[in-house]
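Welcome! Here is a short briefing to read alongside the sequence and the 3D view. Take a look at the chain below, then follow the points topic by topic.

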Amino acid sequence: MDGVPESHTGWTFVTNHARVLAAIADNPSTRIRDIAAHCRLTERAVQKIISDLEQDGYLSHVREGRSNIYRIDPGKVLRHPAEAGLTVAALLSLLVQDEADRGPLDDSRRHTPA
């Protein structure tokens, strides 16, 4: 199928909802197509995730011309009881990086447990 990213096998540490939210935090005016490519999801999956996030108040959007501008509620508390008290801002602080920090880890950024 054209336009559908390769599927990922196995498990991951971060959910697709968190990936989409982080992509929007990186660029609030990003297009669904670009989010899908970045997160390796289909556009339909991204639309569903955005709908979920908006329905529960984590995300809202306004139309500007033909584009959407997204707004994240940084004070909204995460849903799972194990993350009780943690906010969206705390999650995004772990997931969103400046462009200068992206890329492979060099030796100065590696962490080896003692």
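The protein chain averages a pLDDT of 84, and 77% of its residues score at least 70; pLDDT is the predictor's confidence in each residue, from 0 to 100. This is a predicted model, in which local features need pLDDT of at least 70 and side-chain atom pairs count only at pLDDT 80 or more, while totals for chains, interfaces and linings use all residues. Residues are numbered from 1 along each chain as its sequence is written, and side-chain values use heavy atoms, with hydrogens and water left out.

**Confidence**

- Among the elements of the protein chain, confidence is highest in H3, at 98, and lowest in helix H4 (residues 88-95), at a mean of 92.
- Over residues 104-114 the pLDDT is below 50, and beyond near neighbours in sequence this stretch has five contacts in the model. Here, contact means heavy atoms within 4.5 Å.

**Overall layout**

- The protein chain has four helices and two strands, and from the N terminus on they run α-α-α-β-β-α. Helices (H or I, at least four residues) and strands (E, at least two) are DSSP runs, numbered from the N terminus.
- Of the 114 residues in the protein chain, 20% are buried. Buried means under 20% relative accessible area, exposed over 50%, and partly exposed in between (1.4 Å probe, protein chains only).
- Of the contacts with a separation of 6 or more, 38% are between residues 24 or more positions apart.

**Helix H3**

- Helix H3 covers residues 43-55, 13 residues in total, and reaches 18 Å from its first C-alpha to its last. That is close to the 18 Å expected at 1.5 Å a residue, where the expected span is 1.5 Å times one less than the number of residues.
- Val46, Ile49, Ile50 and Leu53 are the buried residues here. They lie on the same side of H3 because they cover an arc of only 100° around the axis; the arc is that of the directions from the helix axis to the C-beta atoms.
- Turned away from that buried side is a face with the exposed residues Arg44, Lys48 and Gln55.
- The cover over the buried residues of H3 includes helix H1 (16-26), helix H2 (32-39), strand E1 (59-64) and strand E2 (67-72).

- In H2, Ile35, Ala36 and Cys39 are buried. An arc of only 100° around the axis holds them, which puts them on the same side of H2.
- These buried residues of H2 pack against H1 and H3, whereas the face turned away carries the exposed residues Ala37 and His38.
- Thr30 sits in the loop between H1 and H2 and is buried, with a relative accessible area of 12%. Leaving out residues up to four places away in sequence, Thr30 touches Ala23, Ile24, Ile35 and Tyr70.

**The strand pair**

- E1 and E2 run antiparallel and are joined by six bridges; two strands pair if DSSP finds at least two bridges between them.
- Val62 stands opposite Ile69 in E2.
- The covered face of E2 holds Asn68, Tyr70 and Ile72, and the uncovered one holds Ser67, Ile69 and Arg71.
- Two residues lie between the strands in this hairpin of E1 and E2, where Gly65 takes a positive phi near 65°.
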